[in-house]
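Work through the exercises below with the sequence and the 3D structure at hand. Each task is followed by a solution in steps.

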Amino acid sequence: MAEESPVDDSRVWDCPFQHNEALEFDPLMLRLLDEDPVARIRMRHGSGEAWLVSRYRDVQVVTSDRRFSRAAGIGRDLPRMTPQPIAHSDAINNMDPPEHTRFRRAIAQGFTRPAVERLRPRTERAVNQLLDEMAGTSAPADLVQHLSSPLPLAVTSEMFGIPERDRSWFQERAAAVMTLATGRSAEAAQAKTDLRGYFTELAERRRREPGDDLLSAMSRAEGADEPLTDTELAMLGQVIVVASDTLTFEISNLIYTLLTRDTLLAELRTRPERLPAAIEEMLRFIPFRQGVGIPRVATEDVELSGTRIQAGDAVHVSYLNANRDGEVFPDPHELDPRRESARHMVFGYGPHRCPGAQLARMEMQVALAALLRRFPKLRLAGEAGDIVWNAESIWRFPLALPVRW
């Protein structure tokens, strides 16, 4: 736990950043937002100290100003959440413009608004098939098993042309990459290697036999100054699949939030047109992860909110805290479905903002709309307090959501 002495310039917070109480906001994070929004911290893994930036406007600066570099952290044992760094050193997550821009342009081929809308009918069919299967079982049924777990990987696998037999293999390795457990460091490293190897073979095959899948589209990205190599395509494929797994957790969290708020649930059942706005507000409100993600490094001295960050310092941002900044979101700790929440940072900010945000939104909207329409009496099968929550990775989500209808 953090020490209780008054705040001063030399203070360093001890930050395990592992709070497993359902979807309750981490009280340590709130203290940092309120008391020390540009804080000096230590973390469970990595060496030395880092800065943690919490206020919305400061997070905007760190994530969009080129004086803060992801690439400058490569090869350094920076403070972090996981035993192994989340991303390979050559992954797009660790690139800066202009190199990052080249890869980002290639990814964009598969996530344009028309491309996402072309996937909507297939997503609707997938959701209806999954819900048909659930309806054919006896209650209680687990919504994680029947909907939120299979759907995102099914959509992403279809985008890449990945056969169904390989999908559980992907989920297992994506989970291993995000583990918090020190004893699973070797497993996490092997999972990253396995995913990279799979996509390297797939990229080579798509180069020989291109199709209408995302990997083929990225290999011939229009407007690219230099075509991507098979190794580079493999890196992008790995990043996208691991990122898509997080949508499973978000869908589970959204459903749990709805089923534990009767007034909100009743309103959306009678006014389904309000669902997209309500999803945005729930995304802002829900603490979807533990702590922080990939750090940046200051390449020169920068002042943020009166605090001087020196060149070479590691800097983390908290999207969770930015989403609770009262200067941007009045009454930030209240879930208000009529709030204008489009400015939330669930998908990040700046050049590294998630390119698949539109696809994620579409999948969430389709899944929740179908669920509410088809099961008007949907409810938790037991008490909310009986739900078991993940405690082994950086993501916050229920391991199972037993429901009746």
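**Exercise 1. Which residues of the largest nonpolar core touch the most other members?**

Step 1. A nonpolar core is a set of buried Ala, Val, Leu, Ile, Met, Phe, Trp, Tyr and Cys residues joined through side-chain atoms within 4.5 Å. Buried means under 20% relative accessible area, exposed over 50%, and partly exposed in between, with a 1.4 Å probe and protein chains only.

Step 2. The largest core has 109 residues, and Phe17, Leu147, Met218 and Leu368 touch the most other members. Helix α10 gives the most to this core, with 15 residues. Another core, of 18 residues, lies apart from it and has Phe68, Val302, Leu304 and Val328 among its members.

Step 3. Two notes on the source apply here. The model is predicted, so local features need pLDDT of at least 70 and side-chain atom pairs count only at pLDDT 80 or more, while totals for chains, interfaces and linings use all residues. Residues are numbered from 1 along each chain as its sequence is written, and side-chain values use heavy atoms, with hydrogens and water left out.

**Exercise 2. Describe the backbone and surroundings of Phe17.**

Step 1. Find the place: Phe17 is in the loop between β1 (13–14) and α1 (27–35). Helices (H or I, at least four residues) and strands (E, at least two) are DSSP runs, numbered from the N terminus.

Step 2. Look at the backbone: phi of Phe17 is positive, about 50 degrees, although the residue is not a glycine.

Step 3. Check the burial: Phe17 has a relative accessible area of 1%, so it is buried. Not counting residues up to four places away in sequence, Phe17 touches residues including Asp26, Leu28, Ile41, Met81 and Gln290; contact means heavy atoms within 4.5 Å.

**Exercise 3. Is Asp331 buried or exposed?**

Step 1. Asp331 is in the loop between α13 (319–322) and α14 (357–374). Its phi is positive, near 50 degrees, in a residue other than glycine.

Step 2. The relative accessible area of Asp331 is 58%, so the residue is exposed.

**Exercise 4. Locate the cis peptide bonds that join Pro97 to Pro98 and Ala139 to Pro140.**

Step 1. For Pro97 and Pro98, omega is about 5 degrees. Pro98 sits in the loop between β4 (68–69) and α3 (99–108).

Step 2. For Ala139 and Pro140, omega is about 5 degrees. The loop that holds Pro140 runs between α4 (113–135) and β5 (141–142).
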